[in-house]
Amino acid sequence: MLNTHLIMEQIRYHPIVATISIAVGTVLASEVIWKVVQYFRSKREKANRVHEVVVFNELGEICAAQHLWNTRPGSQEPEAAHCRNTHCTLRNVGKIAEQIDRAVYSIDLAIYTFTSFSLADALKRALQRDVSIRIISDGEMVFSSGSQITMLARLGVPVRVPITTYMMHNKFCIIDGVERVEEIRQLRKRKWMRPCYSIAVSGSVNWTRQGLGGNWENCIITADEKLTAMFQAEFNRMWKAFEKTEASLIQPK
Ligand SMILES: [Zn+2]
C-alpha cells in the first residue's frame, strides 16, 4: 500500500521532489488530455464518414442540358456538384469520383463493364498520385467497345479476369482497404502510413454511360469497417485465383 501521507510530506519539504512531482504530473495530465481529445476527434470523424445509397433512375437526366449549357469549355469545375436534383446523374457520378479522389494508397475495382470517361479520369488522377490500382473484370466485357479498362491497362494498371464461361458480374470498389494498405506498407518497407480509412462502393450499377444515366440502378457508398474488410477479402481471393491471366491479357501498346 502507498503511504500517501509520507509522499505528501516528502513533496512539501523537499523542493527537488516537489519539482519532479509537478513535472511528472504535468506530463501525465497533458497525456491524458491529449488521449481524450484524440478519442473524441476520432469518434466525430468516424461519425462523419460516408454511408450513402446513390440511386440512378429516369430523373437523373432532367438537368443534363442545363449542366451542358453551364459548363465552360475546358472547365474543371464540377458543375453539377450542387445540383438541386437529388437524382442528378452528373452529381451522383461525382459522388463516386469524389471517393476515388480521396484514395491515398489503394483502389481495387471488380467491375463487369467500365466505359465511363469521368470515372476513368478519376482513376487516372489517382495513378498520378501514386495510388496502387488493380482491376478485375469479365473476360469478354473487358474488350467491349469503349472499355476504359484496356486504356488503364496501357497506363500500367494490372488487370485480371477469370478464365470461364461464367460472368465476373461484380461491381464493387474498395478504396484504401485495411488489408491492402498493410500489404502496400510492407511492399514499400514503410514504418508508418498516412492516415486513411476504407470505403466500399458497391451495387447494381456498371460504370457505363447507360448504367449511370438511363437504367434504374443503385450503388452503396460506405465506410463501414466490416463491410469494406469483407469486400477486400473477396477481391484478394479473386486476385489470387485469376493470377494466370494478368501477363497474357493486355499487353501495353
Ligand atoms: Zn443535375
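**Briefing: surface patch and salt bridges**

Ile16 is exposed, with a relative accessible area of 65% (exposed means over 50%, buried under 20%, partly exposed in between, with a 1.4 Å probe and protein chains only). The model is predicted: local features need pLDDT of at least 70, side-chain atom pairs count only at pLDDT 80 or more, and totals for chains, interfaces and linings use all residues. Residues are numbered from 1 along each chain as its sequence is written, and side-chain values use heavy atoms, leaving out hydrogens and water.

**Surface patch**
- Ile16 lies in helix α2 (residues 15–47); helices (H or I, at least four residues) and strands (E, at least two) are DSSP runs, numbered from the N terminus.
- Ile16, Ile20, Val24 and Leu28 make a nonpolar surface patch of about 410 Å².

**Salt bridge between Glu52 and Lys95**
- The whole structure holds 10 salt bridges, each a side-chain nitrogen of Lys or Arg within 4 Å of a carboxyl oxygen of Asp or Glu.
- In the salt bridge of Glu52 with Lys95, the closest N and O atoms are 2.7 Å apart.
- This pair links distant parts of the chain, 43 residues apart: Glu52 is in strand β1 (residues 51–56) and Lys95 in helix α4 (residues 89–101).
- Glu52 is partly exposed at 27% relative accessible area, whereas Lys95 counts as buried at 16%.

- Arg134 forms a salt bridge with Asp108, with the closest N and O atoms 2.8 Å apart.
- Arg134 lies in strand β3 (residues 132–137) and Asp108 in strand β2 (residues 106–111), so the pair ties together parts 26 residues apart in sequence.
- Both Arg134 and Asp108 are buried.
- Glu183 also forms a salt bridge with Arg134, the closest N and O atoms being 3.9 Å apart.
- Glu183 is in helix α7 (residues 178–187), 49 residues from Arg134.
- Salt bridges that share partners join Asp108, Arg134, Arg180 and Glu183 into one network.

Key: Patch = residues over 30% accessible without salt bridge, like charges linked within 9 Å, V, L, I, M, F, W, Y side chains within 5 Å. Areas by Shrake-Rupley, 256 points an atom, 1.4 Å probe, with all protein chains shown as cover.
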